[in-house]
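Here is a short briefing on one protein chain. Keep the sequence and the 3D view open while reading.

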Amino acid sequence: MHKSPLLILLILLAALGGGLYLWTSGGDQVLPMTAEDFRESESLDPDALEFEDEIQGEAAELGDESEDELSEGMNALAREALPDQQARSTWHVQVWDRRRGRPAVGAKVQFLDGFEEGVSRGPFSPHWSTLAEGRGLTFTTDEKGRVELPPVKSHAIITASAPGLFGFTRVRIDHDDVESITMQGDETVTVRVVDGAGKPVAGIPVGILQKVPEFQDLNRVLGQWKRMAAEMDELQKYLQANPGQRDRAMERIQSLKARQAQMQTAKQQAEKLLRTQAAREKGKAKNNKLPRRITPQLELRTKRKTSAAGIAVFRHFQLYRKRARRDWPEDYRSQFEAALLLPLESSETVNFAGQPVPEETLELVLPPLGGISFRTVDRDGRPFAHPVHAELRMNSLHAREWKRVKASKEQNAPALDFSQVGLGLSFWVSCSLDDEDFGWITREPVQGPTNPGEVTHVDLVVAPDLGMLYGRMLNADGVPLANQKPSFLINTAKGRLEGEEIRLSPEGRFHFPYIVGPNELGPFNFEIRSEHVQPTIGAAVTMDVLPMQHVTDLGDVQIGNLGLVAQGLVLNDRGEPVSGASLQLQRERNVDLDRPRMDFVDEAYSETKSGEDGHYELFGQMERARYRLHVTAREHFPTNTEDLGRGEPVDVELLRRSRILGNVLMPDWMRSRNLRVRLTSATNPEERRDEQINRAAGKHYVFFDWTRPGVYGLEFRLQGFPDPFLNFSQVELLPGQKGMHPRLKDIDLGQYLFRYELTAVDENGRGLSVDRPLLAKVVRPDGRSGFIAFPWKSGKTEVISASAQLELRPLSTGYVSDVRVLGQGENEIVFRKVPAVELGLPGVRDVIGDHVLHLQLQFVRGDGLPGELLVWDRASRRLSQAYQKQGNAVRTIEAGRESVRMQLARGGVYRVVGWLGGKKVRVNFGEVSVELRPGEEVVAVNVGWDVETLQAAVARLGG
């Protein structure tokens, strides 16, 4: 739907506070993670720079990517036509008994492929693994604990079981040749729900809650409290200025109040600790860093409904546990509660603990219940026939989210029913329509039943602050259109205001909600279309005003045939008909609120598809404006037609989809994340794309999907280097070409690449941790030379280069190392200790007195080192900036002293800059030359300074 600026502002305000607290319904089934769910990716290296290019957009965070993760396009490719996927007929699963290395002999393995297809999963469904148990193929492991399985066609669940043991995993089409499952002790939790007389009760939601610690930094608690209070003030002000947005604002205000209630104890404890600390410091608290506070939290792990016997069974309970971390206190380990997931005044729970969990049945006693039935009506009391979804929330700031219940009213149902609620309670009702942009909460709490079995009947006004159109639809003969689902659309001069498909009542009646923002001006064009017949039938009504908080009764709206907009054929580049192509009508509109800027935008619900013979017809409303068709089809590039004239024949030609596909051979030590491939159009060099080397089924591929036919060049580039090391020119791509390109088969990258493994040691051969990047000299294709940088980690680094030799300039604070030209393989880089630099300003205290003086040495030039590194993308720019910054050294001259010692990473010429009075006044002291010589105790360097310049700086401080 079209959102007003006021609504967008409110949503942004809510998003700002969303990190503090989030309403959760507990209604969605959570699939817990297990150790076998995903392969462990390579360990993160915080010092490694992700390889990136300008065309890739914003820079990625530092770290490694998993070698086995496929891009979305490669996933599609693997499903379509990778040769090794077709060739792999069988594969294996290795089953372990409780720990890796202990084969499980004779274990039962069940295999279910395509488990996501046609499977309806509700919020109370058992674990995904149970699908394989009930529907999968059964195998038995051999003496090595292995079983051979058929090929995976999409996604598969695999379970392994033995007496008292169970495990499972999920695999995709790009799985390894051998996947593993480690079985663990199987656990079952059984809960029985009875009424006060001890009789079993069916259909009662039961959940398992786990007690987990929440670690809170109390300083952070106070900061959160302040931010929530500030947001509350902003929302109250917004609510006063925009009463029409009351429902959404009040929902967020309630969320903040609930979160504040939960944080009240933590806030009070934090304030108490701060007061105690302040008293201890006699009112001069120097350290406000507070200890962490641990608060218990109950997390809903899974839920079921009781059977006719009042039983809820949680099989494979070990899959739902949240694994305890090392920092969890002992009394939080394996602590659970079985709870009734109903809005009740008190918590009906039973505690249990241990691993494995106790086998006895847990019993919950259901207190007397009642119900609430909400009759849905509009502002004027008319029945609202369309679906309404609602969540019932107890009117208590301390109510847990798992006590909320959801219900929905289906089309034409008279009421929204909550049949199981506690007695003597009041509730807020949070509601929405099928279009979730239309939501509201009740203006006042609703009082629930007070007697057992009582059902409270309440009128629920649907979306009271919105505007609505109401009416009855008739066909050309005046007969109501019962239960049909036409499309409704409101357009302004700026385009779509609101659009939705709505099912009519048996009497042909409808309610169509909308929101009109302050910048939305009439006239408004209300259009109804029914696409279920050809030619399309519909009607249009023009209105000068669309009022909010009002239901406009349109009476009977009679629809008839709409005019022909366009007709013709959709063909591919070979002249063959394209069936199923989508043709979307677009209209030129002003798309900028601030200044005139015209562009084509989709006309809602004005589209059609081509038939088997490629023919299409499109019917609809056309005003005095420019129109065109936007045409798309599977396996074809989209296109736009020229301007349309009403009803004129328009044939469309679509270019078939092509892709560039090649495979590369890489050394075992090479990771695909270290490489990028650039595709550049030979006719338009500005048209280029960068992709990583993709890995699938153990092999590596060059893959550019959705590439238009033409002639291209491909460049292979290494992480950290500015220029390509391998080029393919004049690579021709034909329309519809998708298979392995003949020029890109078995590209052996190993013959172009060299690996350097470097270890930093001191002059005694001991390992050394290096704090500055390693510089390497490179020669560009135009003959110019420059330096690039590589990070160290724990005194080691690896460089992959296309050069058989590397000229290196190692750097580290307090050390020097000679220029080295290395060959590939393992190499040691020797760093020799150098003395500190004593930077002196004789007589400076006579002028500055006791003022604080900060000194900074800024590297300018020297020792053959560059002032900056080569820059060609965001990553290299960050490295160059860090290199320049690391070349500086900052120290403070202590009171009464006229010199300071600094450790440097390189000799050369430095600029000396000073700041007086806490960096308030800058003073330039000129340049000094520093030579670092191993073996000396200290390098003394005196800085010349100008008396008048320094006196003027002191004067600017006020004497």
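The points below run from the whole chain to single residues.

This is a predicted model, in which local features need pLDDT of at least 70 and side-chain atom pairs count only at pLDDT 80 or more, while totals for chains, interfaces and linings use all residues. Residues are numbered from 1 along each chain as its sequence is written, and side-chain values use heavy atoms, with hydrogens and water left out.

**Whole chain**

- The chain has 9 helices and 60 strands. Both are DSSP runs numbered from the N terminus: helices are H or I with at least four residues, strands are E with at least two.
- Of the 959 residues, 49% are buried. Buried means under 20% relative accessible area, exposed means over 50%, and partly exposed lies in between (1.4 Å probe, protein chains only).
- The accessible surface is about 46,000 Å², and carbon and sulfur atoms hold 47% of it. Areas come from the Shrake-Rupley method with a 1.4 Å probe; for residues, only the protein chains shown count as cover.
- Among contacts with a separation of 6 or more, 69% join residues 24 or more positions apart. A contact means heavy atoms within 4.5 Å.

**Aromatic pairs**

- A pair of aromatic rings is described by the distance of the centres and the angle of the planes. Rings of Phe, Tyr and Trp (its six-membered ring) pair if their centres lie within 6.5 Å; planes under 30 degrees apart count as stacked, over 60 as edge-to-face and the rest as tilted.
- The count by this rule is 16 aromatic pairs. Phe 488 and Phe 526 are stacked, because their ring centres are 6.1 Å apart and their planes stand at 25°.
- This pair links distant parts of the chain, 38 residues apart: Phe 488 is in strand β24 (residues 487-492) and Phe 526 in strand β27 (residues 524-530).
- Phe 488 is buried, at a relative accessible area of 0%. Phe 526 is buried too, at 1%.
- Phe 859 and Tyr 910 form an edge-to-face pair, with 5.5 Å between centres and 75° between planes. Phe 859 belongs to strand β55 (residues 853-861) and Tyr 910 to strand β58 (residues 908-916), 51 residues apart.
- Both Phe 859 and Tyr 910 are buried.
- Ring pairs also join Phe 488, Phe 510, Phe 512 and Phe 526 into a cluster.

**Charges over rings**

- A charge sits over a ring if NZ of Lys or CZ of Arg is within 6 Å of the ring centre and within 35 degrees of the ring normal.
- Arg 906 places its charged end over the ring of Phe 859, 3.9 Å from the centre.
- Lys 211 lies over the face of Tyr 332, 4.6 Å from the ring centre.
- Lys 211 is in strand β9 (residues 205-217). Lys 211 is partly exposed, with a relative accessible area of 25%.
- Beyond four places in sequence, Lys 211 touches residues including Pro 296, Trp 328, Asp 331 and Tyr 332.
- Lys 211 and Phe 336 are 125 residues apart in sequence, yet their C-alpha atoms are 5.8 Å apart.

**Nonpolar cores**

- A nonpolar core is a set of buried Ala, Val, Leu, Ile, Met, Phe, Trp, Tyr and Cys residues joined through side-chain atoms within 4.5 Å.
- The largest has 46 residues, and Leu 714, Phe 716 and Leu 749 touch the most other members.
- Leaving aside neighbours within four places in sequence, Leu 749 contacts residues including Val 664, Met 666, Phe 716 and Phe 725.

**Strand pairing around β35**

- Two strands pair if DSSP finds at least two bridges between them.
- Strand β35 (residues 627-632) pairs antiparallel with strand β32 (residues 582-590) over 6 bridges. Here His 630 stands opposite Gln 584.
- β35 also pairs antiparallel with strand β36 (residues 639-640), over 2 bridges. There His 630 stands opposite Asn 640.
- The β35 and β36 hairpin has 6 residues between the strands, and Glu 635 takes a positive phi near 65°.

**Backbone details in loops**

- Gln 355 and Pro 356 are joined by a cis peptide bond, with omega about 5°. Pro 356 is in the loop between β13 (349-353) and β14 (362-365).
- Gln 549 has a positive phi near 50°. Gln 549 is partly exposed, at 34% relative accessible area.
- Ser 794 has a positive phi of about 55°. Ser 794 is exposed, at 67%.
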